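I opened my notebook to look up a few side chains and how they pair up. Here is the structure I was working from.

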Amino acid sequence: MLEEIKMPSERRRIFSDGAKFDRLSGLPDEVLHHVLSFLDTKCVVRSSILSNRWRSLWKTVPVLNFDGESFNEHNFKDHVDELLKVYFVNSHRLCRVSILNCPGFGERSDIFAAIFRSISLCDQSIETLDLKQVQFDNMTFGLQSSGFKVLTTLTLSECYLDFSSWNQPLNPFARFPMLKNLALISCSCSLGDDPEDEETMRCLKVVGLQLLILEVDDVFGFDEIKVFAPNLKRYTYKNQIRDFSPMTEVLVNVPSLEHADIKLLGYKGLYDEYKQEANRQYANLFLGMSRAMSLVFQFDTAKVSFL
């Protein structure tokens, strides 16, 4: 016969009258911070009206997620500045910042440049930066990134890199000395409205002395991507070749590479005049990864692994 389990009176009260007991507010700050880190910052701030327990909790969340979809060009920057001022005044530590749907995307790079400047001046403890649907030029990262001294992870998704005022290769990552993980996903370049810009060499340089993991997924619109990462261990490259232009040539210098995962799609539909050039670029790509300990190569429908 099973012995009846006796529950302390306090616990019986909690379970019998759960509607009056706020279990969520009773969780430690670290747990609540983790929950709030998945929400847009606007929603996080609104949580302050829940109770006295939540009134100041949002000010110490080490993650800020800014979504510009519901803002115009001017009040989004004000919204970001106001939040950053709270962290700066109270000396709270930021670990991760994400910016999504920055106003002016595809048209202007100065809006994100101003926001990026505010973030770099506010805090020097940011380790992770996630950017999606923002537009920037070499000036934005090259001259305003001195505040990101401990940044280790950077993800760019669906971003425009603006070449409208540059006649030299973009080298946006050189001033992140501690960068270890970099992901470029569905990024492209914008040449602006000046017809003379069509002659600009659209070269993206990825230079990272501490870089360990690099992902390049369907990055297009560039003539070249040059990678110099002497300590890189893992490299993932996916390219969807488009039938209206040649593929981006990727030149890599990665002597410490351990694993490479390469996926090249669209060769069958490529125009004949581009196929010979594509073959040459494939050969150069493999030559740069000749020291890899393992290689997974997927070419349209074929997949080959080398160990």
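My entries below go through salt bridges, a serine and a surface patch.

Entry one: I kept in mind throughout that this is a predicted model. I began with the salt bridges and got a count of five. One of them joins the side chains of Arg-53 and Asp-29, at 2.8 Å from N to O. This pair links distant parts of the chain, with Arg-53 in the loop between helix H3 and strand S1 and Asp-29 in helix H2, 24 residues apart. I found Arg-53 partly exposed at 30% relative accessible area, and Asp-29 partly exposed at 33%.

Entry two: I looked up Lys-132 and Glu-158, whose side chains meet in a salt bridge at 3.9 Å, N to O. Lys-132 sits in strand S3 and Glu-158 in the loop between strands S5 and S6, 26 residues apart.

Entry three: Glu-258 and Lys-233 also form a salt bridge, at 4.0 Å from N to O. Each lies in a loop, Glu-258 between strands S13 and S14 and Lys-233 between strands S11 and S12, so the pair ties together parts 25 residues apart in sequence.

Entry four: is Ser-125 buried or exposed? I noted 15% relative accessibility, so Ser-125 counts as buried. I placed Ser-125 in the loop between helix H5 and strand S3. A polar atom of its side chain lies 2.9 Å from the backbone oxygen of Leu-94. Beyond four places in sequence, Ser-125 contacts Arg-93, Leu-94, Cys-95 and Val-150.

Entry five: I finished on a nonpolar surface patch of about 290 Å², made by Leu-24, Leu-27, Val-31 and Val-35. Leu-24 lies in the loop between helices H1 and H2 and is partly exposed, at 45% relative accessibility.

Definitions and conventions
Residues numbered from 1 in each chain as written. Predicted model: local features only at pLDDT ≥ 70, side-chain atom pairs only at ≥ 80, totals over all residues. Heavy atoms only, no water. Patch = residues over 30% accessible without salt bridge, like charges linked within 9 Å, V, L, I, M, F, W, Y side chains within 5 Å. Areas by Shrake-Rupley, 256 points an atom, 1.4 Å probe, with all protein chains shown as cover. Helix = DSSP H or I, 4+ residues; strand = E, 2+ residues; numbered from the N terminus. Buried < 20%, exposed > 50% of the residue type's maximum accessible area, 1.4 Å probe, protein only. Polar contact = N/O pair within 3.5 Å; in protein donor to acceptor, adjacent residues only side chain to side chain. Contact = heavy atoms within 4.5 Å.
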